[in-house]
Amino acid sequence: MEKISRSDGKKREREEEIEADETLSLENNLTFSDTLIALQIMRAQFPNTEKVAVKPFVLRSQLYSSVNDRTQVDRELESLRVEKVVRIFKLNTGQDDHAIMFMDDYLKQIEVVVKRMEAKNRDDIAVFDWFKTYVIVSKLDTGIGHQELCSLLSFGGKVKDEHISLLINAGLLTRQLIDSNTYWFAIPYIGSILKGLSQGRKELLSFLNRRKYKEMLMAPLEKKRLRHSSLDMRFHLRDLIGSGHLKTLRTPTGLFVRVSKD
């Protein structure tokens, strides 16, 4: 009898992904039993607008707001990372933000990059195949050194400086500020969304801070629209609750969201 690996099982679970109804209220669907379910639900609820040109991703802070045990989140997330079900990215937001993207979504994001490069008649796009085949499957960390990157790419062909520049320009790599010989793996076209993420955080916190008790019922709050972010209110609420900037309080009248004092 053929043996089925755990990663195959996880992949099958992804293919049988939970169909999350976008009308489900956050108040009644804030927490889940495990990390994979939380990831699947939030992937399905990721804003689907023309302004968002990136495949769905989930912030680590959102997982912390959705699964009660943070140790469980870290443990299960590490397992999913090692099994190549998901990929984790360090975000350039000036904070300790990490995005989690399902591996198949990430590969589709790379395909979008390749098609755009093909349209520009680039003759060095073979590096993208080398990157997918030899780099991201073997280097699962959030960053990689220049020498190791060139070594892995060389399994595909002769590596030139232009190849590295192309990967950077395509948004697949960004240089680390403290060490120019080290790169972060990155999600292409995420720049405008990160700007909206930072602005949306400020807008939501500012809105609540202006209220008398710095709080509001979750139900009407999640229906409000943010002016400075293409990400929806639900996305920002999960993020700020998980990062500790907001806290929730269950009352007879419903679930309140309140600005944390500390």
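Exposed means over 50%, and partly exposed is in between. Now apply that here. This is a predicted model. The protein chain has 262 residues, and 48% of them count as buried.

Next, the overall parts. The chain has 11 helices and 9 strands. Take the contacts with a separation of 6 or more. Of these, 63% come from residues 24 or more positions apart.

Let's go to helix α11, residues 233-242. How many of the residues of α11 are buried? The count is 10 of the 10, so α11 is largely enclosed by the rest of the structure. The list runs M233, R234, F235, H236, L237, R238, D239, L240, I241 and G242. After α11 comes G244, and its phi is positive, near 90°.

What packs against α11? One partner is helix α9, residues 191-209. The two axes come within 10 Å and cross at roughly 80°. That angle makes α9 roughly perpendicular to α11. From α9, the residues in contact are G196, L197, G200, R201, L204 and L205. From α11, they are M233, F235, H236, L237, D239 and L240. Sorted by class, this contact has 7 nonpolar, 3 polar and 2 charged residues.

Stay in this area and look at L231. L231 sits in the loop between α10 and α11. Is L231 buried or exposed? Its relative accessibility is 2%, so L231 counts as buried. Set aside neighbours within four places in sequence. Then L231 touches F46, P47, I193, L197, L226 and H236. Here is a distance to check on the screen. L231 and L194 are 37 residues apart along the chain, and their C-alpha atoms are separated by 9.7 Å.

Now the aromatic rings. The model has 6 aromatic pairs. One of them joins F57 and F235. The ring centres are 5.9 Å apart, with 80° between the planes, and the pair is edge-to-face. Where do the two partners lie? F57 is in the loop between α2 and β1, while F235 is in helix α11, so the pair ties together parts that are 178 residues apart in sequence. Both F57 and F235 are buried. Ring pairs also bring in F46, giving a cluster of F46, F57 and F235.

Compare that with another pair, Y134 and F155. Their centres also lie 5.9 Å apart, but with 35° between the planes, and this pair is tilted. Y134 lies in helix α6 and F155 in the loop between α7 and α8, so this pair ties together parts that are 21 residues apart in sequence. What about accessibility? Y134 is partly exposed, at 30%. F155 is at 56%, so F155 counts as exposed.

Y134 takes us to α6 and its packing on α7. The axes are 9 Å apart, and the angle is about 100°. The two helices are therefore roughly perpendicular to each other. On the α6 side we find V127, W130, F131, Y134 and V135. On the α7 side we find L149, L152 and L153. By class, that contact has 8 nonpolar, no polar and no charged residues.

T35 has 0% relative accessibility, so T35 counts as buried. Which side chain does the T35 side chain join in a polar contact of 2.7 Å? The partner is E76. Leaving out neighbours within four places in sequence, T35 is in contact with L63, V67, Q72, V73 and E76.

Last topic, backbone angles. Most residues other than glycine have a negative phi. Y189 is not a glycine, yet its phi is positive, near 70°. Y189 lies in the loop between β6 and α9, and is partly exposed at 30%. K214 is not a glycine either, and has a positive phi of about 55°. Its place is the loop between α9 and β7. K214 is partly exposed too, with a relative accessible area of 39%.

Notes:
Residues are numbered from 1 along each chain as its sequence is written. Side-chain values use heavy atoms; hydrogens and water are left out. Buried means under 20% relative accessible area, exposed over 50%, partly exposed in between (1.4 Å probe, protein chains only). A polar contact is a pair of N or O atoms within 3.5 Å; within protein, one must be able to donate a hydrogen and the other to accept it, and residues adjacent in sequence count only if both atoms are side-chain atoms. Contact means heavy atoms within 4.5 Å. Axes are lines fitted to C-alpha atoms, for helices over the stretch in contact, and angles run from 0 to 180 degrees between N-to-C directions. Helices (H or I, at least four residues) and strands (E, at least two) are DSSP runs, numbered from the N terminus. Angles under 35 degrees count as roughly parallel, over 145 as roughly antiparallel, 65 to 115 as roughly perpendicular and the rest as oblique. Ala, Val, Leu, Ile, Met, Phe, Trp, Tyr, Cys and Pro count as nonpolar, Asp, Glu, Lys and Arg as charged, and the others, Gly among them, as polar. Rings of Phe, Tyr and Trp (its six-membered ring) pair if their centres lie within 6.5 Å; planes under 30 degrees apart count as stacked, over 60 as edge-to-face and the rest as tilted.
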